[in-house]
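Thanks for coming. Please have a look at the chain on the screen, and then I will talk through some parts of it.

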Amino acid sequence: MAGPSWAQTNESEMATLEVTAPRLARELYATPAAVSTLERDAIAQGQQRVRLDESLVRVPGVFLQNRDNFAQGQRIAIRGFGARAPFGVRGITIMVDGIPYTLPDGQAQLDAIDLDSAERIEVIRGPSSVLYGNAAGGVIDVTTGDGRDNPGTSLRAEVGSDGYRKTSLQTGGRQGDWSHHVSLSALNVDGYREQSSSEKYLLNAKLRRELGSERALTAIINLLDNPRSEDPGALNAGEVAEGRDQAAPNSLALDAGQNVDQQLLGLQYEDLAAGPGELYLKGFISQRDFEQQLPYVGDSRLGYQRDYLGASAEYHHEVTLGDLPLSYIAGLEVAQQDDERFRNDVNPQGVVGEQAAEETQTATSTSAFAQGDLALSDQLTLSLGARFDRVELEIDDRYLDDEGGDQSGEKTFNEWSGSAGLSYRYRPQHQVYVNTGTAFETPTFSEFANPAGGGFNAAIEPQKAWNREVGARGYVAPLAMDYDLTLFSVRVDDELVPYEEESGGRTFYQNAGDTDRDGIELALGWQVADQWRLDSALTLARYEFDQFATPSERFDGNRIPGLPEQTWVNQLTWEGLDERFATLETQYTGGMVADNANATEVDSYWLVNLRMGDGWQLGSDTRLNAYVGVRNLFDEEHYANVRLNGTFGRFYEPAPGRSVYGGVEISF
C-alpha cells in the first residue's frame with residue numbers, strides 16, 4: 001500500500017518513517033493528514049517509468065486517466081479535484097525537488113517530470129492551500145536523486161508493443177563535498193491508435209556542494225524536447241464500434257498534435273544551523289515554447305512562449321511554548337508567469353489561416369504562510385496553519401481587429417486559507433487524527449476564456465473548498481500488516497465545470513454552484529511471508545452536484561462526470577534471491593458518467609497486469625537486470641480517457657488491448 005511506506009516490514013523502520021510533503025517534516029505517526037509515500041522500489045521495479053499512473057495507481061483517492069495520449073497529457077484527480085481538465089492538471093499542486101510545476105494561475109504540466117531519477121513521491125490527499133496555495137485537491141511532491149548515495153552509472157533499453165522504444169542513462173556519485181546526478185532519456189512511441197505517436201527527450205540533473213556547517217547549495221537543470229506528440233482525438237460510440245484504434249476524422253485531417261521545448265534552472269540554498277533553526281532559500285526560472293493543433297476546424301491553432309520564475313524562503317524552528325514543544329515553519333513565496341499567446345483559424349483542409357487572437361497573459365502570485373505543531377503531550381499534537389495568497393491575472397489584448405476591439409483586462413484575488421488538525425498517537429505505531437481546512441482554486445487563463453470572444457469571462461469565479469477528514473494508520477506487528485484508513489467530506493462552492501460550444505469546437509467553463517465529495521480511502525499492506533507481500537488500495541466515494549443549474553437544465557443531485565466512485569487496486573509481489581521478483585496487479589475502475597446530465601454512462605472494468613524480472617552479478621561492480629511486463633493481460637476493452645461533456649457524442653478515447661514491454665539494464 002501507499003500509506004506508511006512501501007516494502008517496510010519491520011517495526012523499527014515503520015516507527016521512524018518521516019514525511020516531508022506537508023513542508024513541516026515530521027514522523028508519519030505525528031502527521032494529522034492523509035499522506036501516502038512511494039519509495040524508489042515502488043516507482044522503478046519492472047516499470048516503464050514513463051507515466052505517473054504506474055506508481056500512483058496504488059494510492060487510494062487518486063484516479064488517473066489519459067495515459068496513452070501524450071499530446072493531451074495525463075489527467076489526475078485527487079478526491080475528485082482535477083477531473084474537469086480536458087488536458088494538463090488542475091486543482092492539484094505538483095512539486096518537483098521543491099520547484100512548483102503548478103503555475104500561478106493554477107495549471108500544471110507533467111511532461112518534464114523525470115521518473116527515471118525519482119527517489120520518492122509523496123501525495124497529500126485533500127485540500128492543501130495552507131502550505132501550497134492555489135489548488136484545492138492535494139499535492140504530488142516528487143524528489144529526484146542528487147548522487148549522495150553514490151549510485152554509479154546505469155544504462156537501460158526498453159522495447160514494447162505499439163512501437164514503444166525507450167533508452168535512458170543514469171549516472172551519479174559523490175567526491176568530497178561535491179555530489180551529482182544526471183538522468184537522460186529518449187522516448188519514442190508509435191501508439192495504439194492512428195495519429196498517436198510521440199517523441200520526447202528529457203534531461204534532469206543535480207549538482208550539490210556541501211559548504212560546511214550544515215550548509216549546502218544545489219543547482220537543478222531540467223531540459224525537455226518534445227518535437228512531436230500527436231493527438232488522436234475522441235470518438236463517438238459508432239466510431240468505436242467500427243475500429244477502436246482509429247483516430248477522429250478531424251485529428252487526421254488537421255494533423256492534430258503538439259510540440260514543446262522547455263528549459264528550467266533552479267538554485268537552492270539550505271542552512272540547517274541558521275541561528276536556532278533551519279533556513280531554505282529557493283529560486284528558479286523556466287522558459288517553455290509550445291504549439292498545438294487542436295482537432296477541430298476554426299480557431300484551433302494555438303501556441304505560446306512562456307517565461308516562468310519564482311522564489312521562496314522558509315524558516316523552520318523548534319521552540320518551547322510554556323512547557324510545550326512547538327515546531328513551526330514560516331515562509332514567503334513569489335512567482336510570475338508571462339505567456340505570449342497566439343491563435344489562428346484553420347480550415348477543413350488543415351491550412352492555417354487568419355489570426356484569431358494575440359495577447360499577453362501575466363499571472364503573479366505572492367504568498368505568506370505559517371504552520372505549527374504543538375505537542376500537548378507525548379501522544380497528542382495540535383497543528384494549526386494559515387496562509388494568505390494574492391493572485392493577479394492580467395490580459396493585454398494586442399489583436400484589435402475582431403468585433404470586440406481591445407479586450408484587455410485584469411483580475412485580482414486575495415484569498416485566506418486555514419487548517420487545524422489533531423493527532424493522537426495512542427501507541428507507538430498507531431495513530432488517529434482529525435483535521436479540517438479550507439482551500440481555493442482560481443480559474444486558469446484557459447478556463448477564463450470568454451465564449452463571447454477575448455478577455456476574461458466575467459461570469460466565472462474561483463471555487464472554494466472546505467475539507468474535513470478523520471483518519472487512522474498503524475502497523476500491526478504480529479500480522480506484519482500496515483493500514484491507512486481515511487474518511488473524508490468536502491464541500492465545494494462555485495465548482496468549475498467544462499462545456500463545449502455547440503459547434504463541437506472549444507471548451508469553456510462555468511461555475512456549477514455547490515458540489516459534495518464524501519468517501520472512504522483504505523490502504524493495506526500485508527507481508528504474508530518472507531517472500532510474499534500483498535498491497536491493496538480501495539476507494540469508495542460519492543461525487544455529486546448539490547446545486548447546479550443552467551438556463552435550460554438542472555443537474556442537482558447528479559454525479560460529477562469523469563469520476564469513478566469505486567476503485568480497487570491489488571498487488572501480490574513475490575521477491576526471491578538477488579533481484580528476482582514477480583508482481584500480479586489487478587485494477588478495478590467503477591462505472592462513471594461522461595456528462596453533467598448523466599445521460600452517457602461508461603461501464604466499469606477490471607484490468608490485470610503482470611511484471612517480472614531477475615538480476616545477475618557480472619563482476620564485482622557490474623550487474624545486469626532484465627524484466628518484462630504485460631499490461632491488460634486479458635485484453636479487456638476499456639477507455640483510457642473520457643472527454644467530459646463532449647459534443648456529437650465524442651466522449652471516448654479507447655485504450656490499448658494486451659500490450660507487452662521488456663527491458664535490460666546494466667549497472668556499473
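Predicted model: local features only at pLDDT ≥ 70, side-chain atom pairs only at ≥ 80, totals over all residues.

Strand β32 and strand β35, residues 605–617, pair in the antiparallel sense over nine bridges. Strands here are DSSP E runs of at least two residues, helices are H or I runs of at least four, and both are numbered from the N terminus. Two strands pair if DSSP finds at least two bridges between them.

Residues are numbered from 1 along each chain as its sequence is written, and side-chain values use heavy atoms, with hydrogens and water left out.

Back to β32, residues 581–589. Its covered face has Phe581, Thr583, Glu585, Gln587 and Thr589, while Ala582, Leu584, Thr586 and Tyr588 make up the uncovered one. β32 is also joined to β31, residues 566–575, by nine bridges, and these two run antiparallel. Across that pairing, Tyr588 in β32 stands opposite Trp568. The hairpin of β31 and β32 has five residues between the strands, and Asp578 there takes a positive phi near 55°. Most residues other than glycine have a negative phi.

Two more residues go with that. Asp255, in the loop between α6 (249–254) and β17 (257–274), has a positive phi of about 55° although it is not a glycine. Asn632, in the loop between β36 and β37 (639–642), also is not a glycine and has a positive phi of about 55°.

Is Asn632 buried or exposed? Asn632 is buried, at a relative accessible area of 4%. Buried means under 20% relative accessible area, exposed over 50%, and partly exposed in between, with a 1.4 Å probe and protein chains only. Pro551, in the loop between β30 (532–547) and β31, is exposed, at 94%. Its C-alpha atom is 17 Å from that of Asn598, 47 residues apart along the chain. Gly619, in the loop between β35 and β36 (623–631), is partly exposed, at 28%. From Gly619 to Leu324 it is 55 Å, C-alpha to C-alpha, and 295 residues in sequence.

Now a different sheet. Five strands form an open sheet in the order β3-β10-β11-β7-β8, with mixed pairing. β3 (35–39) and β8 (99–100) are at the edges with a single partner strand each, so one side of each is left without a neighbour in the sheet. β7, residues 92–96, and β8 run antiparallel and are joined by two bridges. Val96 has Ile99 in β8 as its bridge partner.

Last, the whole chain. It has six helices and 39 strands. The radius of gyration, taken over C-alpha atoms, is 24 Å, close to the 26 Å that the globule rule gives for 668 residues, so the chain is as compact as a globular protein of that length. That rule is 2.2 Å times the number of residues to the power 0.38. The C-alpha atoms fill a box of roughly 65 × 60 × 50 Å, taken along the principal axes. Of the 668 residues, 58% count as buried. Among contacts (heavy atoms within 4.5 Å) between residues at least 6 apart in sequence, 65% join residues at least 24 apart.
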